[in-house]
Amino acid sequence: MSHLTLKQFILRSEVLKLYRSMIRVTYQIKDKEQRKQLQQWIRTDFENNKHHTDEEVIRMMLSKGKLSLREIEQAVLMAR
């Protein structure tokens, strides 16, 4: 891995934090198959976007990801 600037390091940390938060929320889903599907969707989405290096693009995607996290949290709460 190449050397990261401080900004890149912070953004990377935010992305990893978002990823972990999204995966954590899935553990509240009782149906194992639905949980597995959502986890796979999250992984695939992050994998498909890991090539981005532009800091503005990453910030925009983080904002969208945080919005998605809230939507997933609400959906999981409603499904209980």
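Modeller: In this description Ala, Val, Leu, Ile, Met, Phe, Trp, Tyr, Cys and Pro count as nonpolar, Asp, Glu, Lys and Arg as charged, and the others, Gly among them, as polar. By these classes, the lining of the second largest pocket has 6 nonpolar, 2 polar and 3 charged residues.

The model is predicted: local features need pLDDT of at least 70 and side-chain atom pairs count only at pLDDT 80 or more, whereas totals for chains, interfaces and linings use all residues. Residues are numbered from 1 along each chain as its sequence is written, and side-chain values use heavy atoms, with hydrogens and water left out.

The setting comes first. The protein chain has 3 helices and 0 strands, and from the N terminus its elements run α-α-α; helices (H or I, at least four residues) and strands (E, at least two) are DSSP runs, numbered from the N terminus. Along its principal axes, the C-alpha trace spans about 45 × 20 × 15 Å.

A pocket is an open set of points on a 1 Å grid over the protein atoms alone, where a 1.4 Å probe fits, with protein on both sides within 12 Å along at least five of seven lines; its lining residues have an atom within 4 Å of a point. Grid points are joined across faces, edges and corners, and the volume is the space filled by probe spheres set on the points. On this basis the second largest pocket has a volume of about 170 Å³. Its lining consists of Gln28, Ile29, Lys30, Asp31, Gln34, Leu38, Ile72, Ala75, Val76, Ala79 and Arg80. Two elements, α2 and α3, each give two or more residues to this lining, and α3 gives the most, with 4 residues.

Ile29, which belongs to the lining, shows how some of these residues meet. Setting aside residues up to four places away in sequence, Ile29 touches Gln34, Arg35, Leu38 and Val76, where contact means heavy atoms within 4.5 Å. Buried means under 20% relative accessible area, exposed over 50%, and partly exposed in between (1.4 Å probe, protein chains only). In soluble globular proteins, nonpolar side chains tend to be buried together. Across the protein chain, buried residues make up 20% of the 80 residues.

Gln39 is found in helix α2 and counts as buried because its relative accessibility is 11%. Leaving aside neighbours within four places in sequence, Gln39 is in contact with Ile23, Thr26 and Tyr27. Arg70, in helix α3, is partly exposed, with a relative accessible area of 47%.

For context, the largest pocket holds about 860 Å³ of space. Val15, Phe46, Asn49, Lys50 and Ile58 are the closest to its centre among the 28 residues that line it. Its lining draws at least two residues from each of α1 (6-26), α2 (32-49) and α3 (55-79), and comprises 14 nonpolar, 7 polar and 7 charged residues.
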